[in-house]
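Please look over the structure below, which this briefing takes up by topic for a reader new to it.

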Amino acid sequence: MEKPKRQPLSVLLLLMFCLYLGLALITMFIFETITVWPSTGVALAAFLLCGKRIWPAIFAASLAVLLIYFFSLGQPFSMTQSLLIMLATASGNTLSAMLALYFCGRVSSLQQSFGDLLWVLKRFLPATAICGAVASVFGIGVYWLLGLSWVEHYVTGIANWSVSNMVGALIGTPLLISCFLQPGWRRMLDKVRWKYQAVFCLLLLAFFLFGPGQIWLPPGFQQPALLLMPLLFVALTANQSFIFIFQGLTFLLVWVGTTMGYGPFITGHAAETATAMQLFCGFLAAVVLIIQALLCEQRKLRKLWTSDLLSSNRKLEQRVQERTRQLSEANRQLAQLSVTDGLTQLANRRRFDEYLQAEWQRASRLQQPLGLMMLDVDWFKNYNDCYGHLQGDEALRQVGQLLRLGARRTTDLAARYGGEEFALVVPLADANYLKQQADLLRLAFASLNIAHQTSPLGRLTVSIGIAVLVPQAHETSMVLIEKADQALYLAKNNGRNQVVIAQSTPLQ
């Protein structure tokens, strides 16, 4: 929905002055009546839209209307009386609209005003009654104070004046406010062209109920309440702007037909005819306002429910995503635990077997060398027996930390092979490189000086066997393990605390 551009105060004052004066002149000189007064809708709409700063336009327009009216009557009162009547009536029209402003508050949105059932029932409808009553008390009261007669009794005059102002506000105010707050209403009407059937139905009913077609309509069908049918149809199916325009059109057709002498409200007294017609139109307007407010409330609730449902769905989706993420993380951790040795945090035997098999197949396909280092803690059983399993576990953790440091490349895998045996898989490695790394590991572990009373060397040491192969088509990874294990066996037989390369592994 487009937002109306903020207009300068001078433009608003001129616009409201011209609207009030123009509508009043049409009422007085085209419809030749003052007992119907739609200009009240302009005054009330002006205050609700622009606030109390608009009062000069309404006051000046009321003075101009009264001046033109008295001039057309040929000075029926003295200059002083006319001036007092003009000032009192203009003050009443302005003050009544200002009181309605304080009662309703400024309007900046159709949804928050005429789309709010409580606002319509508790604020706008009472405000229209207050507006009519205050204006009529000022307008009729000045005649009583000056000792001037009124066409009817003063009380009757106040009642008729109140009704005309109230109906003018009920019909004109929503229409003007909707046109002001929705400047794109013409384009909006293009979207409801199918509502033209309602307009046709309204014109047809107006022709038979308030037009020349009345003579062909049986008396039992001359019921003005039939106008409720197109009004209710539009109220139930159209947007607010179209509803208020359609309501204004209905009032105009009834007013024109009654002025021409058609319809069920015609009596021998013009004021009674106008009052009856306006009471009927006011009732229709109040019903339509309440119904469209109810439907707006229903749409708001539906949007709120939809929003809450979408919000709940989003929260549920987020919760599901969070649970899925947590489950994925738990599965990842579980998978990691399933291939990790709990004591040393190295890869376990299962992971070692899988990785070695995969690297063996890759090396066989690309005919690249694959190296394996097997490491064993010397006289570890005696160490456990002498120092206990807790000290033995700590020693194994130390070996694991050093072996993890020895896995320098991302493709290297350090694993606990079993018990006090460890393994290091090194793709694309030659025997010299592995020999250097193995010697560094052996010396680093020996430098820890972990005491071992039952060892001939007096401290914990490690023995390492190395094998490097380019896999052949008829061989399996067990060939590499056997060769590295044989080299380890030789290292242990040769006195331990040393590195041995498998005999079939050439130094490069």
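Five strands form an open sheet of mixed pairing, ordered S2-S3-S1-S4-S5, where strands are DSSP runs (E, at least two residues), helices are DSSP runs (H or I, at least four residues), and both are numbered from the N terminus. Two strands count as paired if DSSP finds at least two bridges between them. The model is a predicted one, in which local features need pLDDT of at least 70, side-chain atom pairs count only at pLDDT 80 or more, and totals for chains, interfaces and linings use all residues. Residues are numbered from 1 along each chain as its sequence is written, and side-chain values use heavy atoms, with hydrogens and water left out.

- S2 pairs with strand S3 (residues 421-427) in the antiparallel sense over five bridges, and Leu413 has Val425 of S3 as its bridge partner.
- Helix H14 (residues 389-406) lies across strand S1 (370-377), S2 and S3, and runs at about 5 degrees to S3; angles run from 0 to 180 degrees between N-to-C directions, and axes are lines fitted to C-alpha atoms, for helices over the stretch in contact, with contact meaning heavy atoms within 4.5 Å.

**Helices H3 and H4**
- Helix H3 (residues 55-73) packs against helix H4 (residues 79-104) at an angle of about 145 degrees, and their axes are 9 Å apart.
- Residues making this contact include Trp55, Phe59 and Phe70 of H3 and Ile85, Met86 and Met98 of H4.
- By class, the contact residues are twelve nonpolar, six polar and no charged, where Ala, Val, Leu, Ile, Met, Phe, Trp, Tyr, Cys and Pro count as nonpolar, Asp, Glu, Lys and Arg as charged, and the others, Gly among them, as polar.
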